[in-house]
Amino acid sequence: MQDILIFSNPISGRGRGRNIALRLEHRLAANGFRVRSFMERADRIADAELKSPARAAIVIGGDGTLRTVAQRLIEVTDAPPPLLPIGLGTANLMVRHLGLRWMDESMETDVAEAIQRGQTAMLDAGRANGKLFLLMVGIGFDAHIVHELDRARMGPINLASYLEPAARALAGYSFPPLSVTIDGQQAWEAQAGLAFVGNVKEYGTMFPILPNARPDDGLLDVCLLPCRDQLELMKLFLHAAAGEHLYAEGAAYRSGKQIRIESPSPVPVQIDGDPGGYAPVEIDLLPFRLPFIVG
């Protein structure tokens with residue numbers, strides 16, 4: 001009998017995560033799998049609960065939940081099982097990237113069939129100051145919004161939850177200079193701006209910040225955008241929405257395996273939409289890829 005792990009953020013989807021987990025548990029058990037469900041944060045689960053091999057790990061929640069589960073499985077297993085995300089977060093970027101479409105009325109059947117087929121994609125993943133990321137690291141203004149939201153957060157969030165933190169950030173952010181090194185070569189030196197490093201082109205704004213990114217090419221894409229004040233930020237936002245931000249004066253787009261970003265000021269960092277501390281930040285690729293079930 002093969003194991004299936006189900007991880008559910010119990011507050012995701014305003015409580016829908018727990019109900020979906022129970023529905024999947026019943027269906028997969030009927031299909032002959034031994035299902036082990038966890039309705040708590042993955043970093044609070046004992047090692048022994050996660051060590052035995054599994055056919056798949058279903059993750060119900062947002063991109064932050066997916067990242068936390070993947071981090072935990074990497075810590076305690078030699079070969080993490082294929083991950084199958086069911087997006088109940090705000091952006092659900094990995095679900096969008098993988099092209100997964102889980103319809104509520106057929107979810108149990110579709111998920112069970114996807115696991116039986118076992119079609120997987122092996123995707124790169126990275127680390128930012130030792131913390132796993134699957135999607136993107138942002139350094140600067142977008143990370144400041146994430147930090148502001150985290151300080152004020154009281155429960156589940158949606159896109160509207162970002163409005164007040166974004167307004168506070170827009171009023172008070174000072175755009176300190178960033179210096180960027182890629183694979184030992186200076187790419188940017190003491191320029192005010194924004195930096196993005198990642199695996200996938202999708203971003204929470206619903207338009208791509210890293211349009212050339214591929215999650216299976218063994219490289220991290222780096223986008224560096226000069227920005228000195230709020231007026232330039234708004235111009236950059238409009239350029240990005242139109243897909244023209246890489247043509248902005250002074251913009252740089254590179255790729256590499258080891259990136260260091262530093263500043264004389266404490267610049268905030270976000271990792272897959274969660275607070276990731278402050279620069280300096282060392283970013284690199286994992287030495288192996290992670291399997292994802294793709295339908």
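How many cavities of 30 Å³ or more does the count come to? The count comes to one, where a cavity is a set of points, on a 1 Å grid over the protein atoms alone, where a 1.4 Å probe fits but cannot get out. This is a predicted model, in which local features need pLDDT of at least 70, side-chain atom pairs count only at pLDDT 80 or more, and totals for chains, interfaces and linings use all residues. Residues are numbered from 1 along each chain as its sequence is written, and side-chain values use heavy atoms, with hydrogens and water left out.

**The largest cavity**

- The largest cavity holds about 40 Å³ of space, a volume being the space filled by probe spheres set on the points.
- Val59, Gly61, Gly62, Asp63, Leu66, Pro85, Gly87, Asn92 and Val95 line the largest cavity; lining residues have an atom within 4 Å of a point.
- At least two lining residues come from each of β3 (56-61), α2 (63-76) and β4 (83-87); helices (H or I, at least four residues) and strands (E, at least two) are DSSP runs.
- The lining has four nonpolar, four polar and one charged residues, with Ala, Val, Leu, Ile, Met, Phe, Trp, Tyr, Cys and Pro counted as nonpolar, Asp, Glu, Lys and Arg as charged, and the others, Gly among them, as polar.

**Where α1 meets α4**

- Helix α1 (residues 16-30) packs against helix α4 (residues 107-117) at about 55 degrees, with axes 9 Å apart; axes are lines fitted to C-alpha atoms over the stretch in contact, and angles run from 0 to 180 degrees between N-to-C directions.
- Ile20, Arg23, Leu24, Arg27 and Leu28 in α1 meet Met107, Glu108, Thr109, Val111, Ala112 and Ile115 in α4, contact meaning heavy atoms within 4.5 Å.
- Seven nonpolar, one polar and three charged residues make up this contact of α1 with α4.

Note on methods
1 Å grid on protein atoms, 1.4 Å probe; cavity = no way out; pocket = protein on both sides within 12 Å on 5 of 7 lines; lining within 4 Å.
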